[in-house]
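Trainee: Please take a close look at one part of this model, the sheet and the helices around it. I would like one connected account.

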Amino acid sequence: MRIFALALVMMLWLGGCKEELGEKHHMVLNRDQGITTRFSPQQKRLQLSSSKPYLLFFFTASCGACKEAIPYLNAIEEQWGERFEVIGVLGGSRGIKSDLEFLKRHSIRFKVLSDPSSSDYLSRAVGGVMGVPLFFFFDEMGAPKEHFLGLVPQRVLEEEVRSLL
């Protein structure tokens, strides 16, 4: 009986690990329109509704290296924004008002999500976030192409954008 109970618990636990994330709409703090994503674990794709190559930038308000990267990402948004998307995922939300004040204080011009359910969804879609800043690059089909953990030079980020355009 113990073996049966243990086997049942293991099946339920392992079954929960294969959760389908599916499609989700995300509220963007600093835009009128949100973003819709579709995660396909079998194909290992995280597609945007815009069908552009993009960067997911995972960061927190308390991370000094993350704040250093903001001007780099603003420059990428300014230069390639019509053909490439920069999407910030602000972890550890302190509420919409506080998050908006942070965006304003740091002059963030790229799209930012901070809703905990969006942060969790996107974190699970990339296999987990073990530290910040974390940069995940995806092609227009949502296939992951490159990722960097920690502050990287602006030219490295720009080279990766160019390779996706």
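Mentor: Strand E4 (residues 54-60) pairs with strand E5 (residues 85-91) in the parallel sense, over seven bridges. In that pairing, Tyr54 stands opposite Glu85 of E5. The model is a predicted one, and these strands are part of an open sheet of five, in the order E6-E5-E4-E7-E8, with mixed pairing. Strands of a sheet pair through backbone hydrogen bonds, either parallel or antiparallel. At the edges stand strand E6 (111-113) and strand E8 (144-149); each has a single partner strand, so one side of each is left without a neighbour in the sheet. From one strand to the next, the twist averages 20 degrees.

Now to the helices. H5 lies across E8 and strand E7 (134-138), and runs at about 15 degrees to E7. Helix H5 (residues 154-164) also packs with helix H2 (residues 64-80), at an angle of about 30 degrees and with the axes 10 Å apart. Because angles under 35 degrees count as roughly parallel, H2 is roughly parallel to H5. The crossing of the two helices, H2 and H5, is right-handed.

As for the side of H2 in this contact, the residues are Tyr72, Leu73, Ala75, Ile76 and Trp80. They meet Gln154, Leu157, Glu158, Val161 and Arg162 in H5. By class, the residues of the contact of H2 with H5 divide into seven nonpolar, one polar and two charged.

Methods: Residues are numbered from 1 along each chain as its sequence is written. This is a predicted model: local features need pLDDT of at least 70, side-chain atom pairs count only at pLDDT 80 or more; totals for chains, interfaces and linings use all residues. Side-chain values use heavy atoms; hydrogens and water are left out. Axes are lines fitted to C-alpha atoms, for helices over the stretch in contact, and angles run from 0 to 180 degrees between N-to-C directions. Helices (H or I, at least four residues) and strands (E, at least two) are DSSP runs, numbered from the N terminus. Angles under 35 degrees count as roughly parallel, over 145 as roughly antiparallel, 65 to 115 as roughly perpendicular and the rest as oblique. A crossing is left-handed if the near helix is turned anticlockwise from the far one by less than a right angle, and right-handed if clockwise. Contact means heavy atoms within 4.5 Å. Ala, Val, Leu, Ile, Met, Phe, Trp, Tyr, Cys and Pro count as nonpolar, Asp, Glu, Lys and Arg as charged, and the others, Gly among them, as polar. Two strands pair if DSSP finds at least two bridges between them.
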